[in-house]
Protein chains: 2
Amino acid sequence: MEQNVIDASGLLAISTRLQRLSDQIRKDGLLIYKAFGIDFQPKWFPVLYTLYKKSTMSVVSLSDEIGYAHPSTISLLKELEKEKLIRSKKDKVDTRKRLIELTEKGTTLLSAMEPVWEVIIKATADITNTQNNLMKAINEVEAGLKEKTFLQRAEVYIKK
Amino acid sequence: MEQNVIDASGLLAISTRLQRLSDQIRKDGLLIYKAFGIDFQPKWFPVLYTLYKKSTMSVVSLSDEIGYAHPSTISLLKELEKEKLIRSKKDKVDTRKRLIELTEKGTTLLSAMEPVWEVIIKATADITNTQNNLMKAINEVEAGLKEKTFLQRAEVYIKK
DNA sequence: CAAATATACGTAGTCAGCTACATATATCAC
DNA sequence: GTGATATATGTAGCTGACTACGTATATTTG
């Protein structure tokens, strides 16, 4: 355990560690979809899954829902439109808004994916069900940060 | 708790969640350095800290140590060289190798940072010491993935 | 109801990592 | 000691998120 310098530095490199783990999981996620012969990219998940559950949404409300900055969502939407998985139309009441929804192709794909998700959920549960549950830890940390940022917490120690 | 669709989807969006948390911590990290009036970027940490602890290393061994692909390390090294925090020289025994080390400026900076790290360690401990410890969870998950990848675990459920 | 402000969407460019590929030098097998 | 292979470094370009900024439409305020 903890052979290299960075691991030994522990908390200091936490951001790096999180990113590395995120990348690794994303890449394996892609492989699982491929194993099922499904043309689906992990990065599409938040947008498509939200549309699947909530049908029609505007760009900004969708972004808020998935926790992305809206330009990130827009570039995903462009990609998904090219794949013909979603389409959009103007909101007649508020013409600034663009309402996004799944196409039939999109809905079909998402339904076909349900069994894949089950596999992913099981595999992830398998991995994260260790002494310290990763998902719960993330939730707890995010909740903590919402209450008081990292910087604010550090300031307590700086100022003394 | 768990108000939006993505949070409710839990495990499926784990990669996204990890990345978001990583970004957030990195940004706050930068602010902490600024609060100390130190010109230091969080992304420099792995390279500089490793050189601080191990003095001289080649590009590839440094990359292995910090867990980066070597081109990532090279671009960091370019930046650090411009900042005059590191320098490099050819290995006389194996002329393919480029040996990297901290300059005096680099060593001075790193020494000056020790108190900042202490603050960061305390603040991070503050955040991560919840019911499920994030660092421990990451360690456990990485150890688990080393043993058996995400894909291999998923295959068990696919094949049945 | 006109001016100020807020909201919705879009584009451009940044960032911190990556992969793929190229080249030079070492090492190994015979 | 030469040919095949492995290792060390480097360049180019990708990725998936971001911020900054601009424009158009709604909403609020005096």
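In this predicted model, H5(B) supplies the largest share of the surface near DNA strand D, namely four residues. In all, 23 residues surround DNA strand D, and the closest of them are A:Lys43, A:Ser72, A:Thr95, B:Arg96 and B:Arg98. Of the atoms of DNA strand D that come within 4 Å of the protein, 71% belong to sugar and phosphate. By class, the residues of this surface divide into seven nonpolar, seven polar and nine charged.

From chain A, a polar side-chain atom of A:Thr95 lies 2.4 Å from a phosphate oxygen of DNA strand D, while from chain B a backbone N or O atom of B:Val60 lies 2.7 Å from a phosphate oxygen.

We can now turn to the protein chains themselves. The contact between them draws 71 residues from chain A and 71 residues from chain B, and the area buried between the two is about 7500 Å², with carbon and sulfur atoms giving 70% of that figure. Four salt bridges are counted between chain A and chain B, including one between B:Asp126 and A:Arg153, whose closest N and O atoms are 3.6 Å apart. There are also 22 residue pairs in polar contact between the chains. On the side of chain A that touches chain B, H2(A) gives the most, with 17 residues, and that side has 37 nonpolar, 19 polar and 15 charged residues.

Terms used. Residues numbered from 1 in each chain as written. Chains lettered and ligands numbered in written order. Predicted model: local features only at pLDDT ≥ 70, side-chain atom pairs only at ≥ 80, totals over all residues. Heavy atoms only, no water. Contact = heavy atoms within 4.5 Å. Buried area = accessible area lost by both parts, 1.4 Å probe. Salt bridge = Lys/Arg side-chain N within 4 Å of Asp/Glu carboxyl O. Polar contact = N/O pair within 3.5 Å; in protein donor to acceptor, adjacent residues only side chain to side chain. Helix = DSSP H or I, 4+ residues; strand = E, 2+ residues; numbered from the N terminus. Nonpolar A, V, L, I, M, F, W, Y, C, P; charged D, E, K, R; others polar. Near = heavy atom within 4 Å.
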